[in-house]
Amino acid sequence: MQNVYTVGQVNSYIKNMFSQDFLLQSLLVKGEVSNCKYHSSGHIYFTLKDGKGTISCVMFAGNRSGLAFRLTEGMQVIVQGTVDVYERDGKYQLYAKNITRDGAGALYEKYEQLKKELEERGMFAAEYKKAIPPYIRTLGVVTAPTGAAVRDIINIATRRNPYVQIILYPAIVQGDGAAESIIRGIHALEKQKVDVIIVGRGGGSIEDLWCFNEESVAEAVFDCGIPVISAVGHETDTTIIDYVSDLRAPTPSAAAELAVYDVKAFMERLSGQKMVLNRTLERKLTYCRLQLKNQEARLKMNSPISRIREKKMWLLHTEEQLMALMNGRTGESRHQLALYIEQLKGLSPLDKLNQGFSYVEDAEGRCVNDVERVHTGDELKIYVKNGSLYASVTGKE
């Protein structure tokens, strides 16, 4: 009797066979994308088909770094991955690790090689990025003179700021001579000393955008002394100058918005700041006035004027007391002096002379009050009421 196997065993056996097949572990499959769905988890589910068949594919979120563009219906791609069996459903599918557009594989390989080389040289380093001036006057643009890109840049820039000056360098942005033309444009605008340079064009295939992946263009952008904004293709398009430039814009329109400030918004912001400044100034003035009033009140409370007035009153009162005291003392002294005068009058020799007495002194001016001190023949001087007499002693008793 033959062995009977479960569905799970069969699927497991088939999966094991796929796992042991070296070819299926890493292969390249070319086809057209259909039924593409981007899941919220980050996984991408799609079908790869050609004229003879289809194969289910999945790219897990962890491998999304191997996809440099967005998958769309009908896109011709080359998928690198592993073919394996999903045991639960018993279906095999291609687990994609890297996806490139068909015909562009060599260019992508060259792109990745140059990207790695320039990164190792430090040309992508953040410390070399120049800041975009917030308020520019002159905008330089290196792009084709016709097309949607230049129209979008001009329309958005002038709408945001009608006063900005736009200098366009009409460059070749595709095909032969494009790289040299872009480099000349960067150098020409650098000599014009514009404030910011936008380098870019509209979308296209990797072949169309390849001039922006040239090493010489990347070096011109890196060496430019003026901030450069790259604006190449659509949001999903990535070129070498996006990494080298000072700022990468997803589209030319976005580049114009990033480079040119909105005058209306600026004036509104300026008006708001003016109002805030006025309110702050008013609050400061009100506070200062209140402080001034408080200081005036404190000054009046501690003012020296009242003390000076008080001292003046004390001085006047003291002066009056001193004058009264001096007048009293002077009156008493005058009265005492009058008494002394009257007493002296009684002792005055002049009064005695007026009463008939006389004063006698000898030739030496000594008072003669003893007859023993006078001898016969001595000269004497006798003072009387109205004069003096000179006499000679002729005798004594």
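Reply: A salt bridge is a side-chain nitrogen of Lys or Arg within 4 Å of a carboxyl oxygen of Asp or Glu. This is a predicted model, in which local features need pLDDT of at least 70 and side-chain atom pairs count only at pLDDT 80 or more, while totals for chains, interfaces and linings use all residues. Residues are numbered from 1 along each chain as its sequence is written, and side-chain values use heavy atoms, with hydrogens and water left out.

Me: What makes Arg 121 and Glu 215 a salt bridge?

Reply: The closest N and O atoms of Arg 121 and Glu 215 are 2.8 Å apart, and the rule asks for a distance within 4 Å. The pair therefore qualifies as a salt bridge. By this rule the count comes to 9 salt bridges.

Me: Why is the pair of Arg 121 and Glu 215 said to tie together parts of the sequence?

Reply: Arg 121 belongs to the loop between helix 3 (105–120) and strand 6, whereas Glu 215 belongs to helix 6 (residues 215–223), so the parts that the pair ties together are 94 residues apart in sequence. Helices (H or I, at least four residues) and strands (E, at least two) are DSSP runs, numbered from the N terminus.

Me: Which residue forms a salt bridge with Arg 121 at 3.1 Å?

Reply: Glu 219 does, with 3.1 Å between the closest N and O atoms. This pair also links distant parts of the chain, with Glu 219 in helix 6 and Arg 121 in the loop between helix 3 and strand 6, 98 residues apart. A further salt bridge joins Glu 364 and Arg 366, whose closest N and O atoms are 3.0 Å apart. Through shared partners, salt bridges join Glu 117, Arg 121, Glu 215 and Glu 219 into one network.

Me: Why is helix 8 described as largely enclosed?

Reply: In helix 8 (residues 252–259), 6 of the 8 residues are buried, so the rest of the structure largely encloses this helix. The buried residues are Pro 252, Ser 253, Ala 254, Ala 255, Ala 256 and Ala 259. Their cover includes strand 6 (138–143), helix 4 (148–160), strand 8 (196–201) and strand 9 (228–232), where contact means heavy atoms within 4.5 Å.

Me: What makes strand 6 mostly covered?

Reply: Of its 6 residues, 6 are buried. Thr 138, Gly 140 and Val 142 lie on one side, with Leu 139, Val 141 and Thr 143 on the other. In a regular strand the side chains alternate between the two faces of the sheet.

Me: How do you know that strand 6 and strand 7 pair?

Reply: Two strands pair if DSSP finds at least two bridges between them. Strand 6 and strand 7 (residues 165–170) have 6 bridges, in the parallel sense, and therefore meet the rule. The bridge partner of Leu 139 in strand 7 is Ile 166. Strand 4 (residues 76–86) and strand 5 (residues 91–101) pair over 10 bridges in the antiparallel sense; there, Gly 81 has Ala 96 of strand 5 as its bridge partner.

Me: What is a nonpolar core, and how many residues has the largest?

Reply: A nonpolar core is a set of buried Ala, Val, Leu, Ile, Met, Phe, Trp, Tyr and Cys residues joined through side-chain atoms within 4.5 Å. The largest has 58 residues, and those with the most contacts inside it include Phe 46, Leu 71 and Val 199. Helix 5 (residues 178–191) gives the most to this core, with 6 residues. Apart from it lies another core of 17 residues, including Ala 157 and Val 196.

Terms used: Buried < 20%, exposed > 50% of the residue type's maximum accessible area, 1.4 Å probe, protein only.
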